[in-house]
Amino acid sequence: MKKQCMSTRNPALQADFCEALRQGIAADGGLYIFNDWEQRQVDLSALSSTYQKLAEVILSRLIDDIPLSTLQHCIQQAYDGRFRTPDVVRVSPLENNALLELYHGPTCAFKDIALALLPELMRQAGPSNTHGKTLILTATSGDTGKAALEGFKNQPGIEILVFYPDQRISEVQQRQMVTTDGQNTHVCAVRGNFDDAQSAVKHCFADPRLNTLLHRQNLFLSSANSINLGRLLPQTVYYFYAYQQLVKNSRIRLGETVDFAVPTGNFGDILAGYYAKRMGLPIHKLIVCSNENDVLTRFFETGIYDRRPPLKKTISPSMDILVSSNLERLLAHLQPDRTETLCQWMKQLKEQGWYQIDELLLRQLQQQFAWGRCSDEQARQEIRRIYETSSRLIDPHTAVASYVCRLVQKNHPSDRPCIILSTASCFKFSRDVSEALYGPQALDEWTLMKQLSERTGIPIDPPLQQLQQLPIRHCDLIEKEDITDYILKKEGITV
Ligand SMILES: *Cc1c(COP(=O)(O)O)cnc(C)c1O
């Protein structure tokens, strides 16, 4: 069978999907992508409407080396009874647009949808070596960590280590992670921001000494971050699902286009939308929504990617990112024959902190995407506005998307609906949501959560209700330079 994946940095470095899944990142530091979208078209009129059936159809178009019956089993294991909505996600009207609620999973953020399925797929792909064990390394800006821990907890043959930036995530996000039980889970804070944690983890994958030492113990590294293709593919499903719901509710006719507004950090979620578009979903624009760390918005405006301005701490911490890994994938898709140029840009980004794409590519990007930024104050106003007009609570990440969506619609009025991705439960960010509605209060996070629920009559998501009472099991804190030593120590390897 032809290998379906190749590295963004070298088309000759190929892998089938299961290999890509196991490795996480390609050996040359590139990311795995597909190059044959023509063969992955989906017939919209023939799609079934339950989420799981839809997932079977979409994922079997994308994954060549896992048989359909196995895929069906994986999807069942991932989604049966683990989400609080019958169809995994839910679409609800919001003003003239729609909200795609992606936070009804075990950890109350959209990352559950991919991370419930990833362990099942990885089990099918098997370890890199038949006696081996997989060690998942994950850097998190807040939500990936807990979703990955819940997904991989107590899975045989797998151990998971999560690194989060110390004091850069919400109190609820942190508490969710440090209270995780399970035989095979480790959680550790890293001094610095998310980019520090992410680059330290990426460095581990490329570190030959570390990998050799681990291989001697039959341990093989993999990643649960969106650098892993297996994280992105499950996310394409909900783009199709949302579209279908709008057809079903007669908001659009089959074949009409929609926009999607996506709160963006590592560019993973929105790239899944781009994949849906490449598979034939009628998307007019994908809207890149940034918080005050607007490196992507500036890139789409000017063609210059510049990560040198310092990272700001915002009320949407899961988007506090300067190096959006998956942008590399988009650039590779748009110019498949210019791998060398892409490699140069990535090298320059690493060494000098910026690069500039050419005019032609920029125009191509600007045709398919729209973009905008939203400050913390604008996000708070948006939370308040939506509550006042619709009696709904949105979290600060969703508020960024909702605000930017309105901005784009104001500048380009049309009847086309926009589907706003709602990526987390508002109760994960109770302090900021509560401040948006009632102003700052000197109360602890847990009191604010209860008060917010009581005042609005909106129930707290069950997984967050008991969180405060759970025992704390993980309290390590390291410098980013010490990550390799930390991993070796955790694995009982002395050198
Ligand atoms: C991770 C995350 C995002 C950003 O998604 P990317 O795939 O990194 O672009 C947005 N909102 C929330 C709540 C998140 O957890």
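This text goes through the overall build of a predicted model and then its aromatic pairs.

The chain contains 20 helices and 16 strands. Its radius of gyration is 21 Å, close to the 23 Å that the globule rule gives for 495 residues, so the chain is as compact as a globular protein of that length. The C-alpha trace spans about 60 × 50 × 50 Å along its principal axes. Of the 495 residues, 61% are buried. When contacts between residues at least 6 apart in sequence are considered, 75% join residues at least 24 apart.

The chain exposes about 19,100 Å², and carbon and sulfur atoms supply 47% of that area. As for charge, there are 54 positive and 56 negative charges, and their mean positions are 1 Å apart.

A pair of aromatic rings is described by the distance of the centres and the angle of the planes. With ring centres required to lie within 6.5 Å, the count comes to 19 aromatic pairs. One of them, Tyr 51 with Tyr 79, is edge-to-face, at 5.8 Å centre to centre and 85 degrees between the planes. This pair links distant parts of the chain, since Tyr 51 lies in helix H2 and Tyr 79 in helix H3, 28 residues apart. Both tyrosines, Tyr 51 and Tyr 79, are buried.

Tyr 305 and Tyr 355 have ring centres 5.6 Å apart and planes at 10 degrees; the pair is therefore stacked, as planes under 30 degrees apart count as such. Tyr 305 and Tyr 355 are buried. Both also belong to one aromatic cluster, whose members include Phe 34, Trp 37, Phe 267, Trp 345 and Trp 371.

Note on methods:
Residues numbered from 1 in each chain as written. Predicted model: local features only at pLDDT ≥ 70, side-chain atom pairs only at ≥ 80, totals over all residues. Heavy atoms only, no water. Helix = DSSP H or I, 4+ residues; strand = E, 2+ residues; numbered from the N terminus. Rg over C-alpha atoms; globule rule 2.2 N^0.38 Å. Buried < 20%, exposed > 50% of the residue type's maximum accessible area, 1.4 Å probe, protein only. Contact = heavy atoms within 4.5 Å. Areas by Shrake-Rupley, 256 points an atom, 1.4 Å probe, with all protein chains shown as cover. Lys, Arg positive; Asp, Glu negative; His and termini not counted. Charge placed at Lys NZ, Arg CZ, Asp CG, Glu CD. Phe/Tyr/Trp six-rings, centres within 6.5 Å; stacked < 30°, edge-to-face > 60°.
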